[in-house]
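Here is a short report on one protein chain. Keep the structure in view as you read.

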Amino acid sequence: TNEGVRSLFLDMNSLGDAGIARLTEVLPLRPELQELYLSANGITDKGAKELAAWIRDSACHTLALSENKIGDSGAVELAKACCQSSHVQKIALDANDVGDKGTKCFAKQLKNNSTLQMLDLSPNPRISESAKEAMNMAWATHEVRGSLADPRNLVL
């Protein structure tokens, strides 16, 4: 059986949004899942929104979505979901298509979150210097369980 599955590595499987839709149907059957790795799967905003809906109520603390095709609308939904979650500690959105809107949403959502410890948004060339500055300022005052977040854990 798969009981007790804590980490699921599905990197480079060409899942696409259709595969993510199917995956999010069965993920609730695995409430013990803590780490989900979905890098290089061709996931777009549509798939990111499916994952955001799932992660709000999950126990997952690590979500790796590197090297996909997630843009601002997917990043906005992920930012809201991850920052509303009391479990998500690490999210990797490096090498996607995130721009200013997604970055600024993460910055805004940090105000109401005390669990996110690591955020990777590099390299996303659509992120402007002003959005990076806003994110850096938000991270500088972001508290994780009563202590300031480690500045080394924000990668822009």
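## A threonine with no exposure

Start at Thr 103. Leaving aside neighbours within four places in sequence, Thr 103 is in contact with Val 98, Leu 121, Ile 127, Ala 131 and Met 135. Thr 103 lies in helix α4. Its relative accessibility is 0%, so Thr 103 counts as buried. Remember that this is a predicted model.

## The chain as a whole

How many helices and strands does the chain have? The secondary structure comes to five helices and eight strands. Read along the sequence, they follow the pattern β-α-β-α-β-α-β-α-β-α-β-β-β. The radius of gyration is 15 Å, close to the 15 Å that the globule rule gives for 156 residues, so the chain is as compact as a globular protein of that length.

Along its principal axes, the C-alpha trace spans about 45 × 35 × 20 Å. Buried residues make up 47% of the 156 residues. Now take the contacts between residues at least 6 apart in sequence. Of these, 81% join residues at least 24 apart.

## The nonpolar core

The largest nonpolar core has 42 residues. Those with the most contacts inside this core are Leu 36, Leu 65, Leu 78, Ile 91 and Leu 119. Which elements give two or more residues to the core? They are α1 (16-26), α2, α3, α4 and α5 (129-141). Helix α3 gives the most, with seven residues.

Look at Leu 36, one of the residues with the most contacts inside the core.

## Helix α3

Helix α3 covers residues 72-84, which makes 13 residues.

Which residues of α3 are buried? They are Asp 72, Gly 74, Ala 75, Val 76, Leu 78, Ala 79, Ala 81, Cys 82 and Cys 83. These buried residues pack against two helices, α2 (45-55) and α4 (100-109). They also pack against two strands, β3 (62-64) and β4 (90-92).

## Cysteines without a bond

A disulfide is a covalent bond between the sulfur atoms of two cysteines. How many disulfides are there in this model? The count comes to zero. The cut-off is a pair of cysteine sulfur atoms within 2.5 Å. The sulfur of Cys 83 is 6.7 Å from the closest cysteine sulfur, in Cys 82, so that distance is too far for a bond. Cys 105 is in no disulfide either. The nearest cysteine sulfur to that of Cys 105 belongs to Cys 83, 7.7 Å away.

Are these two cysteines buried or exposed? Cys 83 is buried, with a relative accessible area of 3%. Cys 105 counts as buried too, at 10% relative accessibility.

## One stacked pair

A pair of aromatic rings is described by the distance of the centres and the angle of the planes. The count here comes to one aromatic pair. Phe 9 and Tyr 37 form this pair, and it is stacked. The rings are 4.4 Å apart, centre to centre, with 5 degrees between the planes.

The pair links distant parts of the chain. Phe 9 is in strand β1 (residues 7-9), and Tyr 37 is in strand β2 (residues 35-37). They are 28 residues apart. Phe 9 is exposed, with a relative accessible area of 55%. Tyr 37 is buried, at 19%. The cut-off for buried is under 20%, so Tyr 37 falls within it.

## Two positive phi angles

Most residues other than glycine have a negative phi. Met 12 has a positive phi of about 55 degrees, although it is not a glycine. Met 12 lies in the loop between β1 and α1. At 66% relative accessibility, Met 12 counts as exposed.

Arg 145 also has a positive phi, near 50 degrees. Where is Arg 145? Its place is in the loop between β6 (143-144) and β7 (147-148). Arg 145 counts as exposed, at 52% relative accessibility.

Key. Residues are numbered from 1 along each chain as its sequence is written. This is a predicted model: local features need pLDDT of at least 70, side-chain atom pairs count only at pLDDT 80 or more; totals for chains, interfaces and linings use all residues. Side-chain values use heavy atoms; hydrogens and water are left out. Helices (H or I, at least four residues) and strands (E, at least two) are DSSP runs, numbered from the N terminus. The expected span of a helix is 1.5 Å times one less than its number of residues. Buried means under 20% relative accessible area, exposed over 50%, partly exposed in between (1.4 Å probe, protein chains only). Contact means heavy atoms within 4.5 Å. A nonpolar core is a set of buried Ala, Val, Leu, Ile, Met, Phe, Trp, Tyr and Cys residues joined through side-chain atoms within 4.5 Å. Rings of Phe, Tyr and Trp (its six-membered ring) pair if their centres lie within 6.5 Å; planes under 30 degrees apart count as stacked, over 60 as edge-to-face and the rest as tilted. The radius of gyration is taken over C-alpha atoms; the globule rule is 2.2 Å times the number of residues to the power 0.38.
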